[in-house]
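Trainee: I have not worked with this model before. Can we go through it one point at a time?

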Amino acid sequence: MSDGTDRRGLLKCMAWIGTGVVWTIAGGVPRSLPIEQAEAATLDDLLFAQISDSHIGFNKDANTDVPGTVKAGIDRIRALPKTPAFMLHTGDISHLSKPGEFDLADQLIGASRLQVFYVPGEHDVLVDNGASYLERYGKGSRGMGWYSFDYSGVHFVGLVNVADLRPGGMGRLGDEQLEWLERDLAGRSAEQPIVVFAHIPLWAVYPEWGWGTEDSAQALGYLKRFGSVTVLNGHIHQVMQKVEGNVTFHTAMSTAFPQPHPGEAASPGPLKVPPGQLRHLLGTTDVVLKGRTGTLAIVDQPLVGG
């Protein structure tokens, strides 16, 4: 691996797929928590949810009822003991960028009754250079849909790395967005917790499959001085984590279909599994901010089981 992670270490990370994963991060130092502690933490402080890779419109053997599994994910979020403040969607709302797919996605996700902050996946900008996506979800954003906001002392940054995909599928942020990011972070206290969310991972998960962002190093350079940085992504349809200094990277499960582990198939793509296993490999993510300490607990919840 180009970032120094060998295949054994990578597969060790992959062992977390389909289970509840919980970490607290204080000053960039991670420690694991029992699931029950994280569930108790959702009763206090800031709680928000993440959903990713809905792929509304997909209907193949890997999952012939995508609306049903998306609904199950939304139902799980609605059943939390405390209502999340909002929800992040880290891209691939639709499968083919069709108006009807976006309409159904809005109906299903809207049942959460939460404010939703979106960033696009590559499947959301397949037609009209992303104009349909921007019309629905990009109001007030810049460029192809990047923006930031503050909530409860945390600075959230939504980035777009699917507008200019490189050969092999590698994501790219581009100069304009990187210059905006540098300005956006300038002058902020290094003690302020930062949460970045984008579709394609901002670390080199598996470049051979395009699972990474080629110019992410510059963006991460702007984040180095902050004591607590969490980067949330989708795209690879499975849970992986990496901690690098003060930055914790976390990828989410899909609510549509799983993908193979890196290098364990000829190429990425929808992975068909026995029907009884599917909902164990799909899920949502809850994130809790404990007070104003910058400590974050990240909990991945499969649609069924644990």
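Trainee: What separates Asp75 and Lys71 in helix α3?
Mentor: Helices (H or I, at least four residues) and strands (E, at least two) are DSSP runs, numbered from the N terminus. Asp75 and Lys71 lie four residues apart in helix α3, so their separation is about one helical turn.

Trainee: How far apart are the closest N and O atoms of Asp75 and Lys71?
Mentor: This is a predicted model, in which local features need pLDDT of at least 70, side-chain atom pairs need 80 or more, and totals for chains, interfaces and linings use all residues. Residues are numbered from 1 along each chain as its sequence is written, and side-chain values use heavy atoms, leaving out hydrogens and water. A salt bridge is a side-chain nitrogen of Lys or Arg within 4 Å of a carboxyl oxygen of Asp or Glu. Asp75 and Lys71 form one, and their closest N and O atoms are apart by 2.8 Å.

Trainee: Is Lys71 buried, partly exposed or exposed?
Mentor: Buried means under 20% relative accessible area, exposed over 50%, and partly exposed in between (1.4 Å probe, protein chains only). Asp75 has 35% and is partly exposed. With 45% relative accessibility, Lys71 also counts as partly exposed.

Trainee: Which residue forms a salt bridge with Arg76?
Mentor: Arg76 lies in helix α3, and its partner is in strand β12 (residues 283-290), so the pair ties together parts 210 residues apart in sequence. The closest N and O atoms are 2.8 Å apart, and the partner is Asp286.

Trainee: How many salt bridges does the count come to?
Mentor: Some salt bridges share partners, and in this way Asp103, Asp106 and Arg136 are joined into one network. By the 4 Å rule, the count of salt bridges comes to eight.

Trainee: To which backbone nitrogen does a side-chain oxygen of Asp65 reach at the start of α3?
Mentor: Helix α3 runs over residues 66-78 and has 13 residues. Among its buried residues are Val66, Val70 and Ile74. At the start of the helix, the Asp65 oxygen comes to within 3.1 Å of the backbone nitrogen of Gly68.

Trainee: What is the relative accessibility of Asn63?
Mentor: Asn63 lies in the loop between β3 (46-51) and α3. Contact means heavy atoms within 4.5 Å, and Asn63 touches residues including Phe58, Thr255 and Leu282. A polar atom of its side chain lies 2.9 Å from the backbone nitrogen of Asp65. Asn63 counts as buried, because its relative accessibility is 4%.

Trainee: What distance separates the C-alpha atoms of Val195 and Phe156?
Mentor: Val195 is in strand β8 (residues 194-197), and it is buried with a relative accessible area of 2%. Among the residues it touches are Phe48, Phe156 and Leu296. Val195 and Phe156 are 39 residues apart along the chain, while their C-alpha atoms are separated by 4.8 Å.

Trainee: What percentage of the residues in the chain is buried?
Mentor: The chain has eight helices and 13 strands. It holds 306 residues, and the buried percentage is 57%.

Key
Expected span 1.5 Å × (residues − 1). Polar contact = N/O pair within 3.5 Å; in protein donor to acceptor, adjacent residues only side chain to side chain. Lists of a residue's contacts leave out its neighbours within four places in sequence.
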